[in-house]
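Dear colleague,

I am handing over the structure we spoke about, and below it I have set down what was found. Please read the text with the model open beside it.

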2 protein chains.
Amino acid sequence: MRRIIYYVATTIDGYISGPNEDISRFTASGDGVEQYLDDLKAFDTVIMGRRTYEFGYKFGLIPGQLAYPHMKHYIFSSTLRLKHCEKGLEVVNLDINIVEELQKEEGSDIYLCGGGEFAGWLHENEMIDILKIKLNPILLGQGVRLFGNSTKPVNLELISTEKYQYGLQIITYSINYIT
Amino acid sequence: MRRIIYYVATTIDGYISGPNEDISRFTASGDGVEQYLDDLKAFDTVIMGRRTYEFGYKFGLIPGQLAYPHMKHYIFSSTLRLKHCEKGLEVVNLDINIVEELQKEEGSDIYLCGGGEFAGWLHENEMIDILKIKLNPILLGQGVRLFGNSTKPVNLELISTEKYQYGLQIITYSINYIT
């Protein structure tokens, strides 16, 4: 079974973006960001929700285009309509069975990109194996929470922690929903 | 000027306790907790809000008693009434001038204990110099937030990060409200 890895930038107070999708305070350069980009090369599949996909439009992504050219994309949404989709991009329903089917396919671990509500839905369904946070040295006080509106508590296991430039840390936890 | 150091246990999603003051998932033993207790010895003064002080009652604290016998206590509250106070404990009004006066006194750095609303009030008033989090490997999903209802964003500077038993990390940041 392929693992689902939620690899995401967070703040000390648990936000993945500020209000109005503002990420201007997040560290956008340095060796921690390079490490993240390098780590992404290992994934052949990415899953995300509609909001995360559309967030890419702000940075020049064209609707239907692959955000990460080397990955197969599955955008989970019941409302997103795309006129043209590049080969390798599919819009699929919010259905846990689809996620489970993806996990059974051959390939690398699955990159859960973005998060918020979609990550919360996967979390509520106990589907996330690894949480890898790029812990930014900032407080935002409000915005999009790491797991959206999910209130599900869980204990994690610390796997590794690395320190990078500009106070960024990449901290990896495994999630064991059974304990 | 004495610095105010907010030294507090948090979760990956930015909570200092769960609903109903539940802290049962937080790491309560191991070398990280010992480090914390050892670090507390350096403080001669503690400030806290009413809820944090009263939270101690659950663990045997008697109203009016010092929670940390070697520290002077200032409980900031306009509603707390204590019949008998041990020497060294004072209930004072929520008044920033009082905090500033404390900072001007001779002595060690000041320990900001607990937090939530009181920490949020100090944060809104740009009074916290150091944020030292005991980052627990847990998600709570709900509860008391690190800075209560404050929505004030701020950039921090990473000073140090240390890894301890049971996946606990103690991470120290300085807060510079000017940048």
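Which residue in strand 10 of chain B is the bridge partner of A:Ile138? The partner is B:Asn155, and I will come back to that pair once the conventions are stated.

This is a predicted model, in which local features need pLDDT of at least 70 and side-chain atom pairs count only at pLDDT 80 or more, whereas totals for chains, interfaces and linings use all residues. Residues are numbered from 1 along each chain as its sequence is written, and chains are lettered from A and ligands numbered from 1 in the order in which they are written.

Pairing across the two chains

Strand 8 of chain A runs antiparallel to strand 10 (residues 154-163) of chain B, and two bridges join them; strands and helices here are DSSP runs numbered from the N terminus (strands E, at least two residues; helices H or I, at least four), and two strands pair if DSSP finds at least two bridges between them.

An open sheet of nine strands includes strands from both chains, in the order 8(A)-10(B)-11(B)-7(B)-1(B)-6(B)-3(B)-4(B)-5(B), and its pairing is mixed. Its edge strands, each of which pairs on one side only, are strand 8 (138-139) of chain A and strand 5 (89-92) of chain B. Within this sheet, strand 3 (residues 45-49) and strand 6 (residues 110-112) of chain B run parallel and are joined by three bridges, B:Val46 standing opposite B:Tyr111.

The interface and the symmetry

In all, 29 residues of chain A are in contact with 29 residues of chain B, where contact requires C-beta atoms, placed from the backbone, to lie within 7 Å. Strand 10 of chain A gives the most to the side of chain A that touches chain B, with seven residues. Of the interface residues of chain A, 100% are also interface residues in chain B, so the copies meet through the same surface.

Chain A can be laid on chain B by a turn of 180° and a shift of 0.0 Å along the axis, with an RMSD of 0.0 Å, the superposition being by least squares on the C-alpha atoms of residues with pLDDT of at least 70 in both copies. The two copies are therefore related as by a two-fold rotation axis. In chain A, the C-alpha nearest that axis belongs to A:Gly14, at 2.4 Å.

Strand 10 and strand 11 of chain A run antiparallel and are joined by seven bridges, and A:Leu158 has A:Tyr173 as its bridge partner in strand 11. Their hairpin has five residues between the strands, and in it A:Tyr166 takes a positive phi near 60°.

The C-alpha atoms of A:Ile178 and A:Ile96 are separated by 19 Å, although the two residues are 82 residues apart along the chain.

With best wishes

Terms used. Two residues are in contact if their C-beta atoms, placed from the backbone, lie within 7 Å.
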